[in-house]
Each structure stands twice: as structure tokens, then as C-alpha cells.
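This report describes selected helix pairs and individual residues. The sequence and the structure are shown first.

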Amino acid sequence: FEASKVGLADLSARQVDPAFVVWRKQKVIAIDEWDRIHQRLLKAESLQPTNADYQFKLGQLFDYRWMTGTRQGAENRQDVETALEYYRSAVAKRVIWGRAWASLFSAKARLNEIDDEFTHALDKSVKFAPWEPPVQLIVSNAGFLRWGNLTQSDQQKVRANTLRGLKSVSGGQTRKMIQLIRSYNKYEVVCPSMPKDGLYERVCPN
């Protein structure tokens with residue numbers, strides 16, 4: 001019986017990842033498509049309520065709707081708040097999941113909730129997934145967003161995370177990190193800490 005529930009949950013969630021890939025590229029989500037994926041994930045969650053993956057994907061689902069700006073004002077903020085609750089549930093079920101901690105950190109940053117949970121999520125992100133490319137981008141993006149509100153200790157963690165991303169051998173990660181630094185104009189975060197080599201010339205303006 002338990003095995004059958006696992007199978008049914010997996011079947012319900014199977015089409016989620018392909019949809020997420022399309023949404024990331026197109027930055028557009030049809031309302032009926034979002035609702036369809038939402039129902040699939042809710043069904044999967046009901047069959048396996050202790051599965052952290054489904055909690056995380058539900059958080060992503062609300063984050064994607066926020067990302068596309070489908071809703072405005074308080075409703076848009078509510079999507080981030082809902083995503084945050086799912087990420088909390090995900091890390092409660094899988095404490096060492098760096099990607100989920102990073103997503104929680106990002107949600108807190110977008111909500112401008114700079115508190116102990118915010119710092120704790122940053123700590124866990126860089127502890128459990130220091131070399132995971134998506135985590136590096138999520139952490140630096142959220143850290144740059146609230147840079148002026150960070151303690152010196154937290155700034156150093158974001159700086160170290162960004163430098164790891166710049167040195168990553170993962171395909172395209174260096175380029176993505178450079179684009180992120182440029183978009184926030186955060187050259188001062190990393191350039192003083194870099195040796196003046198070929199990477200420095202790529203990252204830091206003259």
C-alpha cells in the first residue's frame with residue numbers, strides 16, 4: 001500500500017520539472033497550466049506528506065508565479081510568503097538540503113525580512129551546498145539584493161560564495177556570476193579580494 005502511494009505521488013508530480021524548465025526560459029505561465037501543476041503537486045503531497053521534494057516544488061511553483069509578475073501588489077507578495085512556508089517545510093523534513101535553505105534565504109530577502117531566520121538560512125546554504133551552482137547564484141542574488149542590511153559576517157559569506165561561483169568549473173557558471181555582479185553593480189564586493197589575473201580582467205572594470 002505504501003509503495004503504491006509512492007508510485008501514485010511520483011506519477012502526479014512527473015510533469016512538474018518539464019513545466020518548470022519551460023517557465024524559466026519563457027518567463028510566462030498560463031493560468032490554467034499553473035493550476036494544473038498546482039493540483040498535481042497537491043495530490044502528490046497528500047499521498048506523501050513527509051516528502052521534502054514535493055514541499056520544495058510547491059515553493060518553487062509559487063516562486064515562478066511571483067517571477068512572472070502574473071499577480072500584482074499584495075497578491076504578488078503573498079506568493080513569496082506561501083513559497084517561504086513550503087521551503088520551511090522542506091528544510092524541516094530534510095535539514096541538510098542546501099538548495100532548499102538557499103530558496104528560503106531568497107524568499108526572506110525578497111520579503112525584506114532580515115532576521116535570525118534569514119541569517120540561519122544563509123549559514124545553512126553555504127554550509128550544505130557551497131559548490132552547487134544554482135545555490136551559488138541564489139545566495140549571491142539574495143545577498144546583493146539586501147547587501148546594505150547584511151552584517152559584516154554575512155557580507156563575507158556572500159562574498160566567499162560569489163568568489164566560489166566565479167571560480168566554478170561548471171559550464172557557464174562564471175559567466176552567470178559575472179552577469180549577476182554587473183546587474184547589481186557589486187564589483188566592490190569581489191574585486192578587492194581577487195588576484196589580478198585573467199579572471200580579474202573578466203570581472204572587474206578598469
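How are helix 2 and helix 4 oriented to each other: roughly parallel or roughly antiparallel? Helix 2 and helix 4 are roughly parallel to each other, a term for angles under 35 degrees, whereas angles over 145 count as roughly antiparallel, 65 to 115 as roughly perpendicular and the rest as oblique.

The model is a predicted one, in which local features need pLDDT of at least 70, side-chain atom pairs count only at pLDDT 80 or more, and totals for chains, interfaces and linings use all residues. Residues are numbered from 1 along each chain as its sequence is written, and side-chain values use heavy atoms, with hydrogens and water left out.

## Helix pairs

Two packed helices are described by the angle between their axes and the distance between the axes. Here, axes are lines fitted to C-alpha atoms, for helices over the stretch in contact, with angles that run from 0 to 180 degrees between N-to-C directions. Helices are DSSP runs (H or I, at least four residues), numbered from the N terminus.

| Helix pair | Axes come within | Crossing angle |
|---|---|---|
| Helix 2 (residues 16-26) and helix 4 (residues 52-68) | 11 Å | roughly 25° |
| Helix 6 (residues 98-110) and helix 8 (residues 133-145) | 9 Å | roughly 20° |

Helix 6 passes helix 8 in a left-handed crossing, meaning that the near helix is turned anticlockwise from the far one by less than a right angle. To this contact (heavy atoms within 4.5 Å), helix 6 contributes Gly98, Arg99, Ala102, Ser103, Phe105, Ser106, Ala109 and Arg110, and helix 8 contributes Pro134, Val135, Ile138, Val139, Ala142, Gly143 and Leu145. By class, there are nine nonpolar, four polar and two charged residues in the contact of helix 6 with helix 8. In this scheme Ala, Val, Leu, Ile, Met, Phe, Trp, Tyr, Cys and Pro count as nonpolar, Asp, Glu, Lys and Arg as charged, and the others, Gly among them, as polar.

Helix 2 and helix 4 also have a left-handed crossing. On the helix 2 side the contact is made by Val16, Asp17, Phe20, Trp23 and Arg24, and on the helix 4 side by Lys57, Gln60, Leu61, Tyr64 and Met67. Six nonpolar, one polar and three charged residues make up the contact of helix 2 with helix 4.

## Buried residues within helices

Val139 of helix 8 has a relative accessibility of 0% and therefore counts as buried; buried means under 20% relative accessible area, exposed over 50%, and partly exposed in between (1.4 Å probe, protein chains only). Leaving aside residues up to four places away in sequence, Val139 touches Ala102, Phe105, Leu122, Ser125, Val126, Val158 and Asn161. Val139 and Arg159 are 20 residues apart along the chain, and their C-alpha atoms are separated by 9.9 Å.

Gln55 is found in helix 4 and is buried at 4% relative accessibility. The side chain of Gln55 forms a polar contact of 3.0 Å with the side chain of Ser89. A polar contact is a pair of N or O atoms within 3.5 Å; within protein, one must be able to donate a hydrogen and the other to accept it, and residues adjacent in sequence count only if both atoms are side-chain atoms. Beyond four places in sequence, the residues that Gln55 touches are Glu45, Pro49, Tyr86, Ser89, Ala90 and Lys93.

Tyr187 belongs to helix 11 (residues 187-190) and counts as buried at 19% relative accessibility. Apart from neighbours within four places in sequence, Tyr187 is in contact with Ile181, Arg182, Pro192, Val203, Cys204 and Pro205. The C-alpha atoms of Tyr187 and Val203 are 7.7 Å apart in space, with 16 residues separating the two in sequence.

## Residues in loops

Arg71 is placed in the loop between helix 4 and helix 5 (73-93), where Arg71 is buried with a relative accessible area of 18%. The side chains of Arg71 and Asp79 are joined by a polar contact of 2.8 Å. A polar atom of the Arg71 side chain also lies 3.2 Å from the backbone oxygen of Glu75. Not counting residues up to four places away in sequence, Arg71 touches Arg65, Asn76, Gln78 and Asp79.

Asn112 lies in the loop between helix 6 and helix 7 (116-128) and is partly exposed, with a relative accessible area of 43%. Although not a glycine, Asn112 has a positive phi of about 60°. Asn185, in the loop between helix 10 (173-184) and helix 11, has a positive phi of about 55° and is likewise not a glycine.

Notes:
Helix = DSSP H or I, 4+ residues; strand = E, 2+ residues; numbered from the N terminus.
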